[in-house]
Amino acid sequence: RAPAPRDDTGDANGRKSRKLSADLQAILTVLGRRSEEQRKRDEVEGRSLDLSHTDLRGADLRNAHLERADLSWSRLESSILINTRFDNARLMHVCLEGAVVIEASFQNADLESANLKGLILKDVCLKNANLGAAKLQGAHFVNTDLEGADLGAAELDDAILRGAINLTQQQIEEAAGNERTRLPAGLTLPPEWLPQDVTPQKQS
(Lines give C-alpha, C1' and ligand atoms only; values in the text may rest on other atoms or scores of the structure.)
Protein backbone atom coordinates (compact mmCIF):
# COMPACT_ATOMS: atom_id res chain seq x y z
CA ARG A 1 0.00 0.00 0.00
CA ALA A 2 1.48 3.32 -1.06
CA PRO A 3 1.77 6.04 1.58
CA ALA A 4 -0.74 8.87 1.37
CA PRO A 5 0.55 12.20 0.01
CA ARG A 6 2.36 14.31 2.57
CA ASP A 7 2.82 18.04 3.06
CA ASP A 8 5.21 20.27 4.98
CA THR A 9 2.71 22.18 7.08
CA GLY A 10 3.42 20.45 10.40
CA ASP A 11 0.78 19.97 13.08
CA ALA A 12 -1.72 22.44 14.51
CA ASN A 13 0.85 23.58 17.06
CA GLY A 14 3.47 24.42 14.46
CA ARG A 15 5.57 21.31 15.12
CA LYS A 16 7.11 19.74 12.07
CA SER A 17 6.24 16.09 11.49
CA ARG A 18 8.85 13.68 10.19
CA LYS A 19 8.01 12.48 6.70
CA LEU A 20 6.61 9.03 6.07
CA SER A 21 9.25 7.62 3.71
CA ALA A 22 8.47 5.14 0.98
CA ASP A 23 9.87 2.34 3.13
CA LEU A 24 8.34 3.29 6.47
CA GLN A 25 5.14 1.29 5.95
CA ALA A 26 7.22 -1.85 5.40
CA ILE A 27 9.35 -1.05 8.45
CA LEU A 28 6.24 -0.52 10.59
CA THR A 29 4.84 -3.83 9.41
CA VAL A 30 8.01 -5.67 10.40
CA LEU A 31 8.24 -3.92 13.77
CA GLY A 32 4.57 -4.42 14.48
CA ARG A 33 4.77 -8.13 13.83
CA ARG A 34 7.63 -8.89 16.16
CA SER A 35 7.29 -12.23 17.89
CA GLU A 36 6.06 -12.45 21.46
CA GLU A 37 9.55 -13.53 22.52
CA GLN A 38 11.09 -10.42 20.93
CA ARG A 39 8.52 -8.16 22.57
CA LYS A 40 9.15 -9.71 25.99
CA ARG A 41 12.88 -9.26 25.54
CA ASP A 42 12.36 -5.59 24.66
CA GLU A 43 10.22 -5.13 27.77
CA VAL A 44 12.80 -6.77 30.04
CA GLU A 45 15.58 -4.66 28.54
CA GLY A 46 13.50 -1.47 28.72
CA ARG A 47 13.43 -0.89 24.96
CA SER A 48 10.48 0.73 23.20
CA LEU A 49 9.75 2.18 19.78
CA ASP A 50 10.02 5.95 19.47
CA LEU A 51 7.64 7.12 16.75
CA SER A 52 6.86 10.46 18.37
CA HIS A 53 6.23 13.49 16.10
CA THR A 54 5.97 11.13 13.09
CA ASP A 55 3.61 11.60 10.15
CA LEU A 56 1.84 8.23 9.81
CA ARG A 57 -1.28 9.41 8.01
CA GLY A 58 -2.89 6.57 6.08
CA ALA A 59 -0.61 3.92 7.60
CA ASP A 60 -1.90 0.35 7.70
CA LEU A 61 -1.21 -0.85 11.25
CA ARG A 62 -3.64 -3.73 11.43
CA ASN A 63 -2.50 -6.52 13.78
CA ALA A 64 0.52 -4.45 14.79
CA HIS A 65 2.04 -4.83 18.26
CA LEU A 66 2.94 -1.33 19.42
CA GLU A 67 2.81 -1.94 23.15
CA ARG A 68 4.86 0.63 25.10
CA ALA A 69 5.64 2.59 21.91
CA ASP A 70 5.89 6.37 22.02
CA LEU A 71 3.61 7.92 19.40
CA SER A 72 3.02 11.22 21.17
CA TRP A 73 2.37 14.21 18.87
CA SER A 74 2.21 11.84 15.88
CA ARG A 75 -0.33 12.06 13.06
CA LEU A 76 -2.39 8.95 12.42
CA GLU A 77 -5.31 10.42 10.51
CA SER A 78 -7.03 7.91 8.20
CA SER A 79 -4.82 5.09 9.48
CA ILE A 80 -6.08 1.51 9.78
CA LEU A 81 -6.01 0.31 13.39
CA ILE A 82 -7.71 -3.07 13.27
CA ASN A 83 -6.65 -5.41 16.09
CA THR A 84 -3.76 -3.06 16.83
CA ARG A 85 -2.18 -3.24 20.29
CA PHE A 86 -1.28 0.04 21.96
CA ASP A 87 -1.25 -1.23 25.55
CA ASN A 88 0.91 0.97 27.81
CA ALA A 89 1.79 3.18 24.83
CA ARG A 90 2.34 6.94 24.95
CA LEU A 91 -0.15 8.65 22.63
CA MET A 92 -0.37 12.15 24.07
CA HIS A 93 -1.61 14.74 21.56
CA VAL A 94 -1.81 12.10 18.81
CA CYS A 95 -4.31 12.84 16.03
CA LEU A 96 -6.54 9.91 15.02
CA GLU A 97 -9.25 11.72 13.07
CA GLY A 98 -10.64 9.53 10.27
CA ALA A 99 -8.86 6.39 11.51
CA VAL A 100 -10.51 2.97 11.33
CA VAL A 101 -10.41 1.67 14.93
CA ILE A 102 -11.80 -1.84 15.37
CA GLU A 103 -10.86 -4.41 18.04
CA ALA A 104 -7.87 -2.29 19.02
CA SER A 105 -6.48 -2.23 22.56
CA PHE A 106 -5.33 0.89 24.40
CA GLN A 107 -5.22 -0.63 27.88
CA ASN A 108 -3.20 1.57 30.26
CA ALA A 109 -2.27 3.83 27.33
CA ASP A 110 -1.73 7.56 27.79
CA LEU A 111 -4.04 9.43 25.38
CA GLU A 112 -3.99 12.75 27.17
CA SER A 113 -5.15 15.56 24.85
CA ALA A 114 -5.41 13.11 21.94
CA ASN A 115 -7.70 14.01 19.02
CA LEU A 116 -10.32 11.29 18.50
CA LYS A 117 -13.02 13.53 17.08
CA GLY A 118 -15.75 11.68 15.21
CA LEU A 119 -14.15 8.25 15.56
CA ILE A 120 -16.21 5.07 15.59
CA LEU A 121 -14.58 2.97 18.31
CA LYS A 122 -15.85 -0.57 17.78
CA ASP A 123 -14.91 -3.41 20.16
CA VAL A 124 -12.07 -1.31 21.57
CA CYS A 125 -10.41 -1.75 24.97
CA LEU A 126 -9.69 1.49 26.83
CA LYS A 127 -9.35 -0.03 30.29
CA ASN A 128 -7.41 2.25 32.63
CA ALA A 129 -6.43 4.50 29.73
CA ASN A 130 -5.72 8.16 30.36
CA LEU A 131 -8.16 10.16 28.22
CA GLY A 132 -7.71 13.36 30.19
CA ALA A 133 -8.56 16.40 28.04
CA ALA A 134 -8.97 14.13 25.00
CA LYS A 135 -11.04 15.51 22.12
CA LEU A 136 -13.89 13.03 21.70
CA GLN A 137 -16.52 15.28 20.16
CA GLY A 138 -18.88 13.25 18.00
CA ALA A 139 -17.12 9.96 18.76
CA HIS A 140 -19.26 6.81 18.69
CA PHE A 141 -18.48 4.09 21.23
CA VAL A 142 -19.63 0.62 20.15
CA ASN A 143 -18.97 -2.19 22.64
CA THR A 144 -15.98 -0.24 23.93
CA ASP A 145 -14.66 -0.90 27.44
CA LEU A 146 -13.97 2.22 29.52
CA GLU A 147 -13.42 0.49 32.85
CA GLY A 148 -11.15 2.66 34.99
CA ALA A 149 -10.45 5.12 32.18
CA ASP A 150 -9.61 8.69 33.22
CA LEU A 151 -12.03 11.04 31.45
CA GLY A 152 -11.05 14.15 33.38
CA ALA A 153 -11.80 17.20 31.19
CA ALA A 154 -12.38 14.94 28.16
CA GLU A 155 -14.56 16.71 25.59
CA LEU A 156 -17.65 14.58 24.89
CA ASP A 157 -19.89 17.06 23.09
CA ASP A 158 -22.23 15.19 20.71
CA ALA A 159 -20.51 11.87 21.53
CA ILE A 160 -22.56 8.66 21.49
CA LEU A 161 -21.59 6.52 24.47
CA ARG A 162 -24.63 4.24 24.53
CA GLY A 163 -22.40 1.33 23.55
CA ALA A 164 -19.73 2.08 26.17
CA ILE A 165 -19.07 -0.70 28.69
CA ASN A 166 -18.23 -0.18 32.39
CA LEU A 167 -18.73 3.58 32.18
CA THR A 168 -19.65 5.12 35.54
CA GLN A 169 -21.44 8.28 36.60
CA GLN A 170 -18.27 9.48 38.31
CA GLN A 171 -16.34 9.28 35.04
CA ILE A 172 -19.05 11.29 33.32
CA GLU A 173 -19.03 13.93 36.07
CA GLU A 174 -15.30 14.48 35.48
CA ALA A 175 -15.72 15.03 31.72
CA ALA A 176 -17.27 17.81 29.66
CA GLY A 177 -20.21 17.38 27.29
CA ASN A 178 -23.50 18.86 26.15
CA GLU A 179 -27.19 18.06 25.96
CA ARG A 180 -26.64 16.04 22.77
CA THR A 181 -24.19 13.64 24.41
CA ARG A 182 -25.76 10.17 24.62
CA LEU A 183 -24.98 7.98 27.63
CA PRO A 184 -25.66 4.32 28.47
CA ALA A 185 -28.98 3.58 30.13
CA GLY A 186 -29.03 4.50 33.83
CA LEU A 187 -26.49 7.32 33.61
CA THR A 188 -27.40 10.99 33.82
CA LEU A 189 -26.11 14.03 31.98
CA PRO A 190 -24.54 16.42 34.52
CA PRO A 191 -26.58 19.62 35.05
CA GLU A 192 -23.75 21.78 33.70
CA TRP A 193 -24.05 20.01 30.34
CA LEU A 194 -27.67 21.10 29.94
CA PRO A 195 -29.44 24.37 29.18
CA GLN A 196 -30.54 26.14 32.34
CA ASP A 197 -34.22 25.27 31.89
CA VAL A 198 -33.68 21.50 31.46
CA THR A 199 -33.81 19.05 34.39
CA PRO A 200 -31.24 16.19 34.33
CA GLN A 201 -32.79 12.74 33.77
CA LYS A 202 -31.37 9.26 33.60
CA GLN A 203 -30.98 8.10 30.03
CA SER A 204 -32.86 5.05 28.84
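Colleague: Which residue forms a salt bridge with arginine 85?
Modeller: This is a predicted model. Arginine 85 is partly exposed, at 29% relative accessibility. Its closest N and O atoms to the partner are 3.0 Å apart. That partner is aspartate 87.

Colleague: Is aspartate 87 buried or exposed?
Modeller: Buried means under 20% relative accessible area. Aspartate 87 has 11% relative accessibility, so it counts as buried.

Colleague: Which parts does the pair of arginine 180 and aspartate 158 tie together?
Modeller: The two side chains meet in a salt bridge, 2.5 Å from N to O. Arginine 180 lies in the segment after H3, and aspartate 158 in the loop between E4 and E5. So the pair ties together parts 22 residues apart in sequence: the segment after H3 and the loop between E4 and E5.

Colleague: Which glutamate meets arginine 180 in a salt bridge?
Modeller: Arginine 180 is partly exposed, with a relative accessible area of 45%. The N to O distance in this bridge is 3.2 Å.

Colleague: Where does leucine 146 lie, and is leucine 146 buried or exposed?
Modeller: Leucine 146 lies in the loop between strand E4 (140-145) and strand E5 (160-165). The C-alpha atoms of leucine 146 and glutamine 171 are separated by 9.3 Å. At 0% relative accessibility, leucine 146 counts as buried.

Colleague: How many disulfides does a search of the whole structure find?
Modeller: A disulfide needs a pair of cysteine sulfur atoms within 2.5 Å. Cysteine 95 is buried at 13% relative accessibility, and cysteine 125 is buried at 17%. The number of disulfides found is zero.

Notes
Residues numbered from 1 in each chain as written. Predicted model: local features only at pLDDT ≥ 70, side-chain atom pairs only at ≥ 80, totals over all residues. Heavy atoms only, no water. Buried < 20%, exposed > 50% of the residue type's maximum accessible area, 1.4 Å probe, protein only. Helix = DSSP H or I, 4+ residues; strand = E, 2+ residues; numbered from the N terminus. Salt bridge = Lys/Arg side-chain N within 4 Å of Asp/Glu carboxyl O.
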